[in-house]
Amino acid sequence: MASILDEYEDSLYRSAFVQQSRASVGIPHSGYVNARLEKETPIFNKQRIDFAPPEKINSLVVSSNQLCMSLGKDTLLRIDLGKPDEPNQVELGRKDETKVYKMFLDHTGSHLLIALNTSECLYLNRSVQKVRALSRWKGHLIESVGWNKFLGSETNTGPILVGTAQGQIYEAEISVSEGSLFSTNPDQYFRQVYTLEEESGPAPVCCLEIERGIEGKFFIIATTRKRLFQFVGKVPEGTEQQGFSSIFAMHADHLPSFREFPASFGFSEIAFYTPKLRSNPRSFAWMMGNGVLYGTLDYSRPDSILSDERVWVYPSDIDITVNKPISIVLTQFHFLLLLPDRVKAVCTLNGQVVFQDLFLEKFGLLTRMIKDPTVQQIWIHTEKVVFRYHVQRESRDVWKMYMNMNKFDLAKEYCKDRPECLDIVLAKEAEHCFQNKRYLDSAKCYALTQNYFEEIALKFIEAKQEEALMEFLIKKLSNLKPSEKTQTTLLTTWLTELYLNWLGILEGDPSQRNLYLDTREKFRTFLSSPKNKDCLFNNRASIYELLASHGDTEHMVYFAVIMQDYERVVAHHCQHDEYDEALNVLSRHRDEKLFYKFSPVLIQHIPKKVVDAWISMGSRLDARNLIPALVNYSQSASTQQINEAIRYMEFCVYQLEETQQAIHNYLLSLYALCRPDSLLSYLEQAGTNPNRIHYDLKYALRLCAEHGHNHACVHIYKVMELYEEAVDLALQVDVDLAKSCADLPEDDEELRKKLWLKIARHVVQEEKDVKKAMACLSSCALLKIEDVLPFFPDFVTIDHFKEAICNSLEDYNKHIEELKREMEEATQSAKRIREDIQEMRNKYGSVEPQEKCAACDFPLLNRPFYLFLCGHMFHYDCLLQAVFPNLPAYKQAKLEDLQKKLAATSQPSKSHHRPKDTDTISLGKGQQSREQIKADIDDIVAAECVYCGELMIRSIDKPFIDPQKYEEEMQSWL
């Protein structure tokens, strides 16, 4: 087992890239290197705003990229952060000692409330330049405003809540919509709905927040110096515009639920974190005297939405009497506390201070810190300087905190895009599960890490957790890449060994039957997994050895089926005498080679089923390859069993129409051996044309002769056209059969007569039957009585064939008369021919002097010419030129030869004493005369008129211009 681990590790890390220069930098037991090439940007990145206020800053608010700040006594500066170069300055119009106490800006950045220290309140809309006083609000020092995020718009606030320093909560609405009396009364109404109290009586309403939960339920959070109140209630659908009076009315007789802390530094502040625009806050942080109460918001709870509450107690460096916190801001994972000279950031996950920023004294004391909820930017100001914090990748280290808190799912959620961190989380989770003896979960996590494979495997082995080890190997195998073939092979082989060991242990324990069945199903799933198929197929020999070493024949067969190694499956069934199962496998998978290999064994035990399977395969099987199985089987079987072989051969011959000679020969041999009656019908059905017969005639003849099937031999002789042998053998069987053979050579009368003489001799000499002999004479017209007489013995009287002799004589007389008649007809024909020849010799035609050649149109009488009966006249050379190209090749050659001979006879003789009549004398022995040569030339050239004969008809499709001269002819016309 250790060697397998070593091989796996070697193959896994052989190709790994290791940087020697950074060998000391990394994560222990991991395949990832944790090296940062650049210093990371801080989460809270401070930026000083390039702004020098002309007067000291009293208050600053920001929302939706709209920033408003109060400068000095009477100036209000508005800046659209999208257009920072276009500030807008508004005068409050107050010349007395009035100062801005607080400012409140709604979530849209459209509505600005300015609370004055004289218990007055001003309103400024983003779309106007003039500040308006809210007359109904006069006499109340405003501490907090709860904006309506559900009904508010740029021109109307909707019902809002206002908290005063005297503890009263008022409901109000401000509108600048068209048609309202904005110039005199922008506030629609201002009515008290509730009063917040502590032990000592009414307390200032420090903060107000309105949220809507599910099913139309509203949650209103209000804080004083020590208490946090929650008002919960439903506003009837369609009455939201009427405000929240109904919710507070529900608590008129009893106090709402609240949280209280003993310490106080004169005020409190609550902050919320909203992950998305126009969504509900997800968490809160309440800064009060004892520390910071923070947690999450659960809107599904009936009475209180505060959940998972924790208190962060102020550390020793924060003294609420000297440097008490001023403001608080909440982000996704931190809350920031503003102290007079610094900012502290505390992680809400573990309560640790993760960031502290100390401000220089030259900037002055820090006054206030606020957050723009829409763009998640944090603003801090003193009386003369403004700072802005950008929150960048706040969740970068959250995974580590969740991991340390054993919240591994959340930790993995925050390091999805950082594989090196995810690996650490998985390793920590795996170790945590292992220590808590959750070995299967541990194995699943370990399989996803880059930790050393050998170390993890040995860890499970030492803990004797084979099931967990198997789970680890399975998960590791599923994560391997297709290119990692060595690792895949090692894990697959090892898993097979572990499964077999585990199955062997469970099989012997009846109490673990269910677990055994589950494990067996998992093992089979593993073997049949498409991902493992290639690896198992390439290493099937090793898997077979493992299965054999454990004696697990069941899974050996199962694995062979998966690998489509049906040969091994069939062999297994045959070895265990399970012939029907073996045949079922063959029939199901229809592999021809396996049929050829195992048919000799199967047909010995289940011949009928095997033949049925062969027939079902049809033409996919080559019957020639099955003949050895049939031969071996038929030699050791009874006649009844041989019938199965005959049945398959007949199927091949008659159904599949096989033409292979071996198949027909084997069927012929089976017929000759067991079915003589079927033999002759088979031979007759095969026909008598040797070219269409598929069996070997010589082999068939020898086979039939060996088994004494003379009738079949006669048929084969007839097919081979050995009629004499057929008649000789037929005479041993039946004279009528011999007669049918004797009539077969229809084109050879001599042979047919000879065959009939054989039959006659046999009838006369062997059977000594004169009547049959006379019947032979009547059956064959070629035989005469004189041909048969020599076969009869001398003691035979003429009475037996007197009639035959008379008939013969009469036939001779008729034949003589016929010959006489033919001779007379021939004489008359010869006479008529001689008369026609004489008439042709006397036939002539007249040619006028002005007649012209039909071909060249020159006078005809200037040169030798031909005159045809049709009236056409041609010069000799013109006719020769027209006829020669259309003559067959052999006639052209003959004509050229005759012309050469004629030219040779025209040359003058060297002898000067040549007689005058030598022209008509033969030129010598074996040579033709000149006149004969001319006659032969005339027979070829002047056989017919070139215009009226067949030559003109044959040339009807001949082009006027020779194709070879077509281009030349075209060029001549250009």
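Reply: Gladly; this is a predicted model, and a place to begin is N65, which counts as partly exposed because its relative accessibility is 26%.

Me: Where does N65 sit in the chain?

Reply: N65 is placed in the loop that runs between β2 (57-63) and β3 (66-71).

Me: And what about phi of N65, positive or negative?

Reply: The phi of N65 is positive, near 65°, in a residue other than glycine. For context, most residues other than glycine have a negative phi.

Me: What is phi of Q376, then?

Reply: Q376 is not a glycine either, and yet its phi is positive, at about 55°. Q376 lies in the loop between β28 (368-372) and β29 (377-381), and with a relative accessibility of 24% it counts as partly exposed.

Me: Switching to cysteines: how many disulfides does the structure hold?

Reply: The structure holds 0 disulfides. Taking C207 as a case, the nearest cysteine sulfur belongs to C206 and is 6.1 Å away, whereas a disulfide needs a pair of cysteine sulfur atoms within 2.5 Å.

Me: Is C207 buried or exposed?

Reply: C207 is buried, since its relative accessible area is 11% and the cut-off for buried is under 20%.

Me: Then how does C674 count?

Reply: C674 counts as partly exposed, because its relative accessibility is 22%.

Conventions
Residues are numbered from 1 along each chain as its sequence is written. This is a predicted model: local features need pLDDT of at least 70, side-chain atom pairs count only at pLDDT 80 or more; totals for chains, interfaces and linings use all residues. Side-chain values use heavy atoms; hydrogens and water are left out. Buried means under 20% relative accessible area, exposed over 50%, partly exposed in between (1.4 Å probe, protein chains only). Helices (H or I, at least four residues) and strands (E, at least two) are DSSP runs, numbered from the N terminus.
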